[in-house]
Amino acid sequence: MIQRLIALALVCLFAVVAPLALTAQEDASTPETDLTTPVATDTVLEDADEFERLAQRAEELAARDDASLFAISRLRAELVTWRDEFLSRSNINAGRLATVDAQIAALGPVPESGEEAPSVAERRAALAAQRSALMAPRLLAQEAYARANGLIGEFDDQALQQQTSELTVRGPLPLNPTHLAGAIAAVWTLFEVIGVEIAAGFSSKWDTGQLADALPRALVLFVVGIGLLGAGRRMVTRWHAKFAGQSTRWQPLIRVFLSIVQLLVPLIGLAILSASLEALDIFGLRGGDIVATIPMAGSLVIIGWWLSRLIFPIEDTAEYLGYDQATRARGRRWSAAIAWVMAIGALLGAGLRTMDVTEGAIAAFEWPFLVVLGLLLWRLGRVIATLPEQDEDGLASAGRLRRYIGSGATVVAVVAPTLATFGYTSAGTAMLGPSILSLALIGVLFLLQRIVHDMTLTSDNEEDLRGLYALLPVFVTFALFMLSLPLFALIWGAGVDDLTELWARFREGFAIGDSRISPTDFLVFAAVFAFGYVLTRFIQGTLRKSVMPRTRLDLGGQNAVVAGFGYVGIFLAALIAITSAGIDLSNLAIVAGALSVGIGFGLQNIVSNFVSGIILLIERPISEGDWIEVGGQMGYVRAISVRSTRIETFDRTDVIVPNADLVSGQVTNWTRGNLVGRVIVPVGVAYGTDVEKVTEILRGIAEAHPLVVMSPPPAVLFMGFGADSLDFEIRAILRDVNYVLVTKSEMNHAIAKEFAAAGIEIPFAQRDIWLRNPEVLKDQTPS
């Protein structure tokens, strides 16, 4: 457990120092030579001899079953250094090889007859020999890299097997009376030895006068440390409570700053207090180990107190998790108790490590701490799984995630002490300690996520929460989760070597054909493509707003030019990004050829629509704003994309029409070129009506309408003799065909009004019925 705590503290420092350390390591390990210049094979062979001796030692150690973890880790560290060196050499002479390959390609292929000019053949042979010499150090580096990487993998497997066996092997039973007596005796002896060492050290330092010299400095440090632990912590806590009630945009950031200060002040005081005790130098060997452990043990208490105040705040408000005040009080109490028990166990464990104690006594010593921690964790898990407090609007959240976390904590709290009771003390310790630390890390992640959420969601900018800004908390949460994975790995037993191994595999990338693609290539590709994409969109905006309006192109042509430039720009951005990343597309030719068959069958409709879209954008038989009719659908064209066209019908519904239907099918464009169109208004009058008068009235109505043009003039046609009426039609040309229905309605209103004034009847359907034998309808008297 103590090792896990130390590892968690180290990884926080590693997260800050790792980039600088890796850079320094690369600067120190990378030779100050240009990789494009040829490297002599003798230099590589000299390095290979040194590596050969190391590799032979590693192979001998890997073949042994009793190899210690210390020896494995030491040789593994040396192999990692060599592997990184060989990985950097795997692309050696890249520039010269590219030049030589270009020279060979310039000579052309060897004639099929095999006969070519002697000078050309001699030059080809010289270039081939030069290329082989340039490839030699690269091939040797790749072979050595594969060997080092394989040995590292073997060592990792051995270390994993040893660690697994330690967790699965059953040890002494902690409840054995003999082991309990040994543990009690060891603790009693520890206190006796510490008392004797302190008395002897005090007497020795006092007699020599060293204690009197060190006492003033120790007292000053002691007073300062106690002051920071007490008064300093309370002062920062009051500041934190003062800003908790304010509501500003930067209030979450101010609160997190004060929370960090609230944590750092007691930690600094603890370090000063520990320095004051060390300045006395009277504690001896075992007491000195305990004093040296005080900063780490005290840090557990301070961090536990700090986290409990943030996750279960003492204020009256429910804060983030929505727990009621009684639940928050229990959470603070059990969290602080867990921190104190872990701190006491760390102090006593540090003292027992310097004594000759049996394995059974160690198991009996650790068992009470595991049981107490399990009980406290069980209670804390119940608190975490509590549903949030209800308010006027209902629950603050569903509480599903906290139920899972709380239930998991209660399960671990029962299983870990049970395993220790039956002799699996290592397994119980490896389960309980990391579970507690994982809960603390989850709490930190939750607080960070809530800070970002509160900073992006304020009461005065709710209308602005759109697009990427609204997704910012999601992105931050994902980034925090990814950054926390190494910390979780360290908590649950992974070593720094395991993380560096994963980082090395990540940097190594993967091979496609003769090319190796690393994460750096992906970053270069993403950066170049993003720059090209943004530049393309910027130029498109300039064309749409500043350049195209000054041309004689209509709106459809302008949109076609802007859209075409967008497709070309994105294609060029992708091509340049691939080239900048060093990805050789020729290695993908075989895969592309195999996929082309599937694309030809599976994506033929998409390809057909894509080609049709390009035809529409170039020929422009229809444009945005046109009134068209296609496939039984009629409406206005609102958008033309490469795959489909969006039509807004008169019912205000959007219809997506594939571009292939617009190119291969029959399309009626009512407004292509101009808005002039014809209206036809049919009307019928009763038989016996004066047709000349009807014609005169209808012509007057048509000529009086403001949308009807006079050239050509409107026509009134007598269409024929209908079953119930004399049929007429008004046919007129309109200035804007978009108003054809409105015009037709207005003419019908005028016709009804004029016919009524003139006494002209608009007939309705009538039928006369003649009976051939009406006698059958007479009443018949029943016989």
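**Salt bridges in the predicted model**

At 49% relative accessibility, Asp281 counts as partly exposed. This comes from a predicted model, and Asp281 is a handy place to start on its charged pairs, since its side chain meets that of Lys205 in a salt bridge, with N to O at 3.2 Å. Lys205 sits in helix α6 (residues 177–208), while Asp281 lies in the loop between α8 (251–280) and α9 (284–311), so the pair ties together parts that are 76 residues apart in sequence. Lys205 itself is buried, at a relative accessible area of 17%, because buried means under 20%.

Another bridge joins Asp101 to Arg131, this one at 2.5 Å from N to O. Here, too, distant parts of the chain are linked: Asp101 belongs to helix α4 (residues 94–107) and Arg131 to helix α5 (residues 118–168), 30 residues apart. Asp101 is partly exposed, its relative accessible area being 31%. For Arg131 the value is 31%, which makes this residue partly exposed as well.

Then there is Arg731, which pairs up with Glu729; the closest N and O atoms of this salt bridge are 2.9 Å apart. Arg731 comes out as partly exposed, at 26% relative accessibility, whereas Glu729 is buried, with a relative accessible area of 16%.

Beyond these pairs, there is also a network: salt bridges link Glu52, Glu59 and Arg147. The overall count for the model is 11 salt bridges. As a general point, side chains of opposite charge can pair when their charged atoms come close.

Note on methods: Residues are numbered from 1 along each chain as its sequence is written. This is a predicted model: local features need pLDDT of at least 70, side-chain atom pairs count only at pLDDT 80 or more; totals for chains, interfaces and linings use all residues. Side-chain values use heavy atoms; hydrogens and water are left out. A salt bridge is a side-chain nitrogen of Lys or Arg within 4 Å of a carboxyl oxygen of Asp or Glu. Helices (H or I, at least four residues) and strands (E, at least two) are DSSP runs, numbered from the N terminus. Buried means under 20% relative accessible area, exposed over 50%, partly exposed in between (1.4 Å probe, protein chains only).
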